[in-house]
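Dear colleague,

I am passing on the structure below, followed by notes on what turned up in it. Please read the notes with the coordinates open beside you.

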Amino acid sequence: GRSVHLFAREGRDPLLLLLHGFPSSSYDWRFLCELETDHAVLAPDFLGFGLSEKPRDHDYSLLWQADMVEDVVRREAQGRPIFVLAHDMGTSVANELMAREGEGRLSFPIAGVLLLNGSMVQGAASPTLGQRLLRGPLGGLAARLSSERFFRAQFGSIFSPGHPLTDEEAEDQWALLRHGGGGRIGHRTIRYMDERERRAERWLGALREWPGSVAIAWGMLDPVATPKVLEAVRALRPEARVTEWPDLGHYPQIEDPARVAAALQAELGTPL
């Protein structure tokens, strides 16, 4: 399957690798990219998401997505150091890249990691009704029957009251989700949640033991990746720098991109 990615070659090192979440795409990062123009950026759409191909018979494993990311980085980054910014499902892809680097088999060096709201400790999370339906035995039917109205209600419920989902954002996100038959595969792409449970030892071990620099920034009004998830992540990585945003929900980079840009800048070190 072919993947689509945005790439801005101009800019200082490290190159920013932006890993999006479920059920959205690299489109989530557009506001941040308008604010963070100093660094080169690589923002792939995972297979099955956004404008990438959406094969109906594919096994949407995060190991496969991590392979795809390695492939894209190899092609585009030409040995530059990489800083990883990940959200939601993308945080587990970041954990896999950290695990690979820990084993000495990642094809690029990671200069640092900033993790936004993501249910890395799946057991501590509170999935939405839509996610529970897709994960259930009638997931295929739920994917086919999902309407724009249901999507807007579910997607809107994870934004904070002070920074609600706009009509324009909802329309764009729905269009990207449906693009190329994506509306029919939600029950397949959501299997990463099961994979998080299966690979917990590997991924949470990497979160705990990876020797590099890890920072965490969290919208505390997130009803899915709740403060309870943050607590579980902090217990694994007590030395991580943590930024808490008391008034933001699950999508900080859409709700208040300036604060995400500031957290990122703090990790990258401001230019002299």
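**Notes on the model**

Just after helix 13, Gly 269 takes a positive phi of about 80°, where helices (H or I, at least four residues) and strands (E, at least two) are DSSP runs numbered from the N terminus. Please bear in mind that this is a predicted model, in which local features need pLDDT of at least 70 and side-chain atom pairs count only at pLDDT 80 or more, while totals for chains, interfaces and linings use all residues. Residues are numbered from 1 along each chain as its sequence is written, and side-chain values use heavy atoms, with hydrogens and water left out.

Helix 13 itself covers residues 257-268, and its twelve residues reach 16 Å from the first C-alpha to the last, close to the 16 Å expected at 1.5 Å a residue (the expected span being 1.5 Å times one less than the number of residues). Its buried residues include Val 260, Ala 261, Leu 264 and Leu 268, buried meaning under 20% relative accessible area, exposed over 50% and partly exposed in between, with a 1.4 Å probe and protein chains only.

Helix 2 (residues 62-77) has 16 residues and spans 21 Å between its end C-alpha atoms, close to an expected 22 Å. Among the buried residues of helix 2 are Leu 62, Ala 66, Val 69 and Val 73.

Ala 94 belongs to helix 3 (residues 89-102) and is buried, with a relative accessible area of 1%. Beyond its neighbours within four places in sequence, Ala 94 is in contact (heavy atoms within 4.5 Å) with Leu 19, Val 84, Ala 86 and Leu 115.

A search of the whole structure finds seven aromatic pairs, counted when ring centres of Phe, Tyr and Trp (its six-membered ring) lie within 6.5 Å, with planes under 30 degrees apart stacked, over 60 edge-to-face and the rest tilted. One of them, Phe 159 with Tyr 251, is stacked, at 5.4 Å centre to centre and 10° between the planes. Phe 159 lies in the loop between helix 6 and helix 7 and Tyr 251 in the loop between strand 7 and helix 12, so the pair ties together parts that are 92 residues apart in sequence.
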